[in-house]
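Here are some notes to read alongside the structure, written for someone meeting it for the first time. Please keep the sequence at hand and find each residue as it is named.

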Amino acid sequence: MDILFLTGGLVLILVGANMLTDGASSIAKRFHISSLVIGLTIVAFGTSAPELSVSLTSALKGNSDIALGNVIGSNIFNILLIIGCTAVIVPISLTKSTLYKELPFCLLASLVVWICANDIFLDGASRNVIGRIDGLILLAFFLIFLAYTFAIARKGEGESEQEIKDMPVWRSSFYILAGLAALIYGGSLFVDGATGIARSLGVSEAVIAITLVAGGTSLPELATSVVAALKKNPDMAIGNVVGSNLFNLFLILGTTASVTPINVSGITNVDFGMMVFSVILLFFFGLISKKRLINRTEGGIMIATTIAYMVYLIYKG
């Protein structure tokens with residue numbers, strides 16, 4: 001039953017995110033909002049909706065390990081596994097902007113969250129909590145990131161390549177309401193299923209969150225990146241992953257912590273360290289190549305690192 005809850009919840013989350021994005025984009029287009037703005041806001045938010053649904057639902061239900069583990073695990077999966085798999089299919093070249101601007105910003109985001117989650121070590125507190133003030137700080141960083149994204153987009157082509165469906169207002173409204181309902185109900189089912197599986201297997205919710213939950217909510221990014229690689233457009237994978245990671249840390253974790261403080265218990269400094277290490281590893285591979293290329297060997301190393309980390313988590317229990 002728990003597996004049915006997990007899979008059924010994930011399907012509802014993915015379908016709901018897609019419906020919400022299509023409905024909101026159609027209404028925005030009807031009000032003559034540019035496709036660039038829609039792509040950078042509504043569509044970008046839509047790809048992060050699964051993580052937001054799961055993390056916020058988990059936190060509200062008191063499952064902080066799932067709420068935080070989902071974000072941390074998704075970021076690790078995105079870089080090590082998704083970019084690793086994509087590079088194995090077709091080597092990926094990093095742009096100068098990605099290597100020297102977006103990746104350092106992603107590293108900063110990871111370090112900021114790590115600092116926010118270390119109250120005991122840094123402040124002598126009785127427990128580690130990512131509180132409302134931390135959440136508001138993360139949301140402030142998100143606004144800075146959003147402003148930066150708009151700035152670089154306007155220096156480029158000025159339009160998003162995202163295709164926006166034309167729909168009647170009633171259908172757009174239905175898509176938005178149905179999408180929200182699917183996200184909320186799907187998130188609840190998914191969290192209940194993940195919690196039940198963790199209890200039945202005798203492992204911590206943190207391990208389930210970083211592996212099973214994070215893997216499930218990272219499926220849209222994995223599918224997008226692999227398809228892009230198969231279509232000989234692997235560069236798209238980098239922007240997809242880096243943008244998703246920043247959304248996860250700043251928007252999703254910031255929103256969740258602002259609504260309800262997140263207790264940091266099952267997620268350890270090893271997990272935070274692996275998230276930071278994954279960004280550094282990607283940056284290093286891009287830096288040592290004259291063409292800023294992530295080749296198949298380096299992609300294999302990233303996949304092997306993911307497997308080793310998963311083995312460690314399962315062994316740790």
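1. In this predicted model, the count of aromatic pairs comes to 8. A pair of aromatic rings is described by the distance of the centres and the angle of the planes. One of the pairs is formed by Phe105 and Phe250, whose rings are 5.7 Å apart from centre to centre, with 55 degrees between their planes, and this pair is classed as tilted. Phe105 belongs to helix H4 and Phe250 to helix H10 (residues 235-259), so the pair ties together parts of the chain that are 145 residues apart in sequence.

2. Side chains of opposite charge can pair when their charged atoms come close. A search of the whole structure finds 1 salt bridge, in which the side chains of Lys61 and Asp192 meet at 2.8 Å, taken from N to O. Because Lys61 lies in the loop between H2 and helix H3 (64-89), while Asp192 lies in helix H7, this pair ties together parts that are 131 residues apart in sequence.

3. Which helices each supply at least two residues of the lining of the second largest pocket? They are helix H2 (35-60) and helix H7 (169-201), and H2 gives the most, with 7 residues. The space in this pocket comes to about 260 Å³, and its lining includes Phe45, Leu52 and Leu56, together with Leu180, Leu183 and Ile184. Sorted by class, the lining of the second largest pocket has 8 nonpolar residues, 2 polar residues and no charged ones.

4. On the surface, Tyr100, Phe284, Leu287 and Ile288 form a nonpolar patch, and together these residues have about 410 Å² of accessible area. Helix H11 (residues 269-288) gives the most to this patch, with 3 residues, whereas Tyr100 lies in helix H4 (residues 96-116), the helix that also holds Phe105 of the tilted aromatic pair.

Technical notes. Residues numbered from 1 in each chain as written. Predicted model: local features only at pLDDT ≥ 70, side-chain atom pairs only at ≥ 80, totals over all residues. Heavy atoms only, no water. 1 Å grid on protein atoms, 1.4 Å probe; cavity = no way out; pocket = protein on both sides within 12 Å on 5 of 7 lines; lining within 4 Å. Points joined across faces, edges and corners; volume = space filled by probe spheres on them. Helix = DSSP H or I, 4+ residues; strand = E, 2+ residues; numbered from the N terminus. Nonpolar A, V, L, I, M, F, W, Y, C, P; charged D, E, K, R; others polar. Patch = residues over 30% accessible without salt bridge, like charges linked within 9 Å, V, L, I, M, F, W, Y side chains within 5 Å. Areas by Shrake-Rupley, 256 points an atom, 1.4 Å probe, with all protein chains shown as cover. Salt bridge = Lys/Arg side-chain N within 4 Å of Asp/Glu carboxyl O. Phe/Tyr/Trp six-rings, centres within 6.5 Å; stacked < 30°, edge-to-face > 60°.
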